[in-house]
Amino acid sequence: MRLPLCIAGSLMFTALLLGIAPANSYAKPPHKRTHTGLSYQLPTALDNQPNQQTADAFGWQIFTALNWPAQPGARGVPDKTKVIGEPGTVVWETWKAPNEVFYPDGSKPPSWETYGTPIPEQCEKSGSSTGNASPTVLSDTLVNRTSQAAGGSLTDQHGQIVHYQITFNRPVFDLIYENGYYNIAGQNAMSGPVNFAAGAGEMKAAWRILQPNEPEAVKRRFFRRKMYVYTPAMGQTPATCKYQEVALIGLHFNWKVTYPDNSTQWIMATFEQVDNVPPFKSSFEPGKNPGHLLPYSLFSKRCYKPGANCEYNQSTEQGRPVGTPTEAIRTVAIEADAKKLNPVWQKRFRQAVAGNPWQYYQMITTQYPSDPSQKPIGAPSPAYSANTTMETYVRQSSCLNCHYTARDINAKYSTDYSFMLAQACPQPLFPPSGGAQTSAVCTRQSSSQKP
């Protein structure tokens with residue numbers, strides 16, 4: 001079943017395996033630092049007269065708080081002794097992942113603080129393990145999703161498939177856990193729509209695999225992790241799992257906030273690493289930035305040459321051989337107010353910590369309901385937004401329009417702009433070796449979901 005307004009289907013989620021991580025590889029901060037305007041505190045309410053500029057500032061505050069180093073031994077809690085950009089697991093990495101909650105047999109998941117999740121057989125053979133004890137440091141993460149909301153997979157300029165990950169915070173987990181919505185039986189007992197409280201949050205990340213021979217001048221511009229990277233079987237290529245260094249290229253947050261009239265509304269802030277693609281020119285042609293001397297992650301500069309005949313935004317599933325890079329371009333321009341704010345926040349990160357990788361990330365936009373009285377979606381502003389790592393193949397994407405269609409596993413009740421509940425199903429997350437994989441996330445139906 002396809003969801004009606006979801007840009008031809010929604011993104012399939014990834015799963016998270018939490019373990020123990022090495023320290024980040026970028027420079028440590030100097031003893032003295034300034035970080036004016038940076039805070040670990042999550043914003044909860046928009047200004048009395050919200051507009052695009054205040055919504056974008058709100059989105060940057062969410063970005064900062066959720067990328068703040070996390071307190072060891074606690075999920076979703078910032079370390080108040082640190083500042084964003086210092087080594088350590090960040091807050092959203094400590095949130096729950098779907099396959100920590102939606103077990104294949106429908107059993108009740110462990111409590112919020114407990115870690116442990118099923119992993120593919122191929123990753124077990126690679127040396128990874130699961131456990132129920134909460135580690136003091138996290139990062140050995142498993143990413144296993146390779147499909148976008150529409151158009152299939154994305155291949156970077158090194159011929160590697162981009163992988164996706166999702167986590168969600170305690171208010172989302174508690175509602176699912178306390179109501180038994182982690183399995184079909186619990187959702188069969190639903191008597192009405194879901195309503196998350198203000199402060200509910202979901203995160204989606206896009207990662208590319210770093211190559212050992214990439215220069216440090218390139219790698220230092222990314223937030224990096226070492227992960228077990230699971231790639232499902234594609235064509236004649238069997239499923240694999242390798243422990244690799246990956247670089248964050250896209251990050252998207254959904255956050256429920258309080259409005260001046262005391263109503264609660266969802267806003268959606270989306271970010272990218274600055275070296276993904278060229279600047280916007282049109283939906284069919286890349287722009288140029290002569291000052292950008294490094295390679296792009298998702299676009300080859302050879303496409304600028306006369307006669308290059310590059311086809312833009314074509315996925316592997318559109319007849320391209322596995323390993324053929326996607327020449328991705330931006331199909332929607334970075335929203336104007338976000339473009340003005342980006343250098344302001346990038347400077348704050350740069351001043352806070354020497355070598356801070358977050359200085360190389362930019363907001364694409366924060367979409368918010370500009371007039372909640374306009375039912376049912378509240379006049380989203382801006383009307384369109386697109387993250388090149390997550391909506392590569394969609395020319396006109398609206399996160400709020402799509403998420404409005406979210407329903408439970410029976411497609412009966414609204415689930416308040418969250419596709420999480422539609423993952424409950426007794427279908428194996430990972431098939432045995434040689435088995436056909438119908439989904440990398442536990443879903444009963446053929447519809448996909450987008451966080």
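An axis, in what follows, is a line fitted to C-alpha atoms, for helices over the stretch in contact, and the angles run from 0 to 180 degrees between N-to-C directions. The model I am showing is predicted, so local features need pLDDT of at least 70 and side-chain atom pairs count only at pLDDT 80 or more, while totals for chains, interfaces and linings use all residues. Residues are numbered from 1 along each chain as its sequence is written, and side-chain values use heavy atoms, with hydrogens and water left out.

Let me begin with two helices, where helices (H or I, at least four residues) and strands (E, at least two) are DSSP runs numbered from the N terminus. The axes of α1 and α6 come within 10 Å and cross at roughly 35 degrees. The contact, meaning heavy atoms within 4.5 Å, is made by residues including W60 and F63 of α1 and L341 and W345 of α6.

Now to α6 itself, which covers residues 336-352. The expected span of a helix is 1.5 Å times one less than its number of residues, so the 17 residues of α6 should span 24 Å, and its end C-alpha atoms are 26 Å apart, which agrees. There is a kink of about 30 degrees at N342, shortly before the proline P343, the bend being the angle between axes fitted to the seven residues ending at a residue and the seven starting there. At the start of α6, a side-chain oxygen of E335 reaches to within 2.6 Å of the backbone nitrogen of D337.

Which residues of α6 are buried? Buried means under 20% relative accessible area, exposed over 50%, and partly exposed in between, with a 1.4 Å probe and protein chains only; by that rule the buried residues are A338, L341, N342, W345, Q346, F349 and A352. What covers them includes α1 and the strand β7.

Turning to α1, its 15 residues should span 21 Å, and its end C-alpha atoms are 21 Å apart, which agrees. This helix is mostly covered, with eleven of its 15 residues buried, and among what covers them are β5, β6 and α6. At its start, a side-chain oxygen of N51 reaches to within 3.1 Å of the backbone nitrogen of Q53.

Finally, E93 lies in the loop between α1 and α2, and E93 is buried, with a relative accessible area of 3%. The side chain of E93 makes a polar contact with the side chain of R225 at 2.9 Å, where a polar contact is a pair of N or O atoms within 3.5 Å; within protein, one must be able to donate a hydrogen and the other to accept it, and residues adjacent in sequence count only if both atoms are side-chain atoms.
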